Amino acid sequence: FFDLATVRQGIPDKAFDPCQGDDKAAARAAAKVNREEKRGFQDLFAQRDSTDTVMIARHSRDMDAIPDDSPDLIRRKKELFEQAHRDPAWLTRKQACDLWTAAFFQSFQPDLPIITSAPLADLLDGRPIDNRLLARATVESARLRFFHWPLEFPEACSPRPSDGRGVGGEGIGFDVILSNPPWERIKLQEQEFFAARDPQIATASNKAARKRLIDALPDTNPT
């Protein structure tokens, strides 16, 4: 997700939809508990102090402003990055994001503790929670490689504070995102593939003819 406010709203009801292998009664009971907890904690989520979020974003911007012109400067940026990820405020947000996300991947069984909105609220408020829930969230985060945009790119996901003169306070987001397209499969285009490798296959009269020629390749062109 892109907004930490999502976490502060508690865990959605959809996280408690049972999947194959889940105990449906345990899932229903957990969903009911979660709904009751959210009614009690909704205002607390909404009123959470944002000072730490502003400081994390400012630290990230300051680090990003350091040039990459020398090995010493790059080492300095690395030190600041690692220092930021050891900061208690950052770690608390990381644990909260992991708890929120892991709630969608947890199993529902009568003998297992369940991640619900109350432990999430306790964590955000600095109160201790069941270590088994934190351990489960940590394991799932490592296994599924959770990626929390507001933590990894706080400078893009938090608005700059206004200086009181109309400077700053602008909207948040990225100017551009470059990435590989999410290809799910590779579809072989036979004519294009064989155009430079076997013109006879590429120029076959139809797909059935191409298939016969391709199937015969182990005999006609074993190399």
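On a 1 Å grid over the protein atoms alone, a cavity is a set of points where a 1.4 Å probe fits but cannot get out, a pocket is an open set with protein on both sides within 12 Å along at least five of seven lines, and lining residues have an atom within 4 Å of a point. Grid points are joined across faces, edges and corners, and a volume is the space filled by probe spheres set on the points.

The model is predicted: local features need pLDDT of at least 70 and side-chain atom pairs count only at pLDDT 80 or more, while totals for chains, interfaces and linings use all residues. Residues are numbered from 1 along each chain as its sequence is written, and side-chain values use heavy atoms, with hydrogens and water left out.

**Overall fold**

The protein chain has 13 helices and 0 strands; helices (H or I, at least four residues) and strands (E, at least two) are DSSP runs, numbered from the N terminus. Of the 223 residues in the protein chain, 33% are buried, where buried means under 20% relative accessible area, exposed over 50% and partly exposed in between (1.4 Å probe, protein chains only). Contact means heavy atoms within 4.5 Å. Among contacts in the protein chain between residues at least 6 apart in sequence, 62% join residues at least 24 apart.

**Cavity and pocket**

The structure holds 1 cavity of 30 Å³ or more. Leu4, Thr53, Ile56, Arg93, Pro150, Leu151, Pro154 and Ser158 line the largest cavity, and H3 and H8 each supply at least two residues of this lining.

In the largest pocket, 20 residues form the lining, and the closest to its centre are Ile56, His59, Ser60, Met63 and Ala84. At least two lining residues each come from helix H3 (51-64), helix H4 (71-84), H5, helix H8 (149-152) and helix H9 (154-157). H3 gives the most, with 7 residues.

The table sets out the volumes and the lining classes. Ala, Val, Leu, Ile, Met, Phe, Trp, Tyr, Cys and Pro count as nonpolar, Asp, Glu, Lys and Arg as charged, and the others, Gly among them, as polar.

| Space | Volume | Lining by class |
|---|---|---|
| Largest pocket | about 410 Å³ | 10 nonpolar, 4 polar and 6 charged residues |
| Largest cavity | about 40 Å³ | 5 nonpolar, 2 polar and 1 charged residues |

**Packing of H5 and H7**

Helix H5 (residues 88-102) packs on helix H7 (residues 131-144) at an angle of about 80°, with the axes 9 Å apart. H5 is therefore roughly perpendicular to H7. Axes are lines fitted to C-alpha atoms, for helices over the stretch in contact, and angles run from 0 to 180 degrees between N-to-C directions. Angles under 35 degrees count as roughly parallel, over 145 as roughly antiparallel, 65 to 115 as roughly perpendicular and the rest as oblique.

H5 contributes Lys94, Gln95, Asp98, Leu99 and Ala102 to the contact, and H7 contributes Leu133, Leu134, Ala137, Glu140 and Ser141. By class, this contact has 5 nonpolar, 2 polar and 3 charged residues.

Serine 141 lies in helix H7 and is buried, with a relative accessible area of 8%. Leaving out residues up to four places away in sequence, serine 141 touches Lys94, Asp98 and Phe146.

**Helix H6**

Helix H6 (residues 117-124) is largely enclosed by the rest of the structure, because 7 of its 8 residues are buried. The buried residues are Ser117, Ala118, Pro119, Leu120, Ala121, Leu123 and Leu124. Just after H6, glycine 126 takes a positive phi of about 85°.
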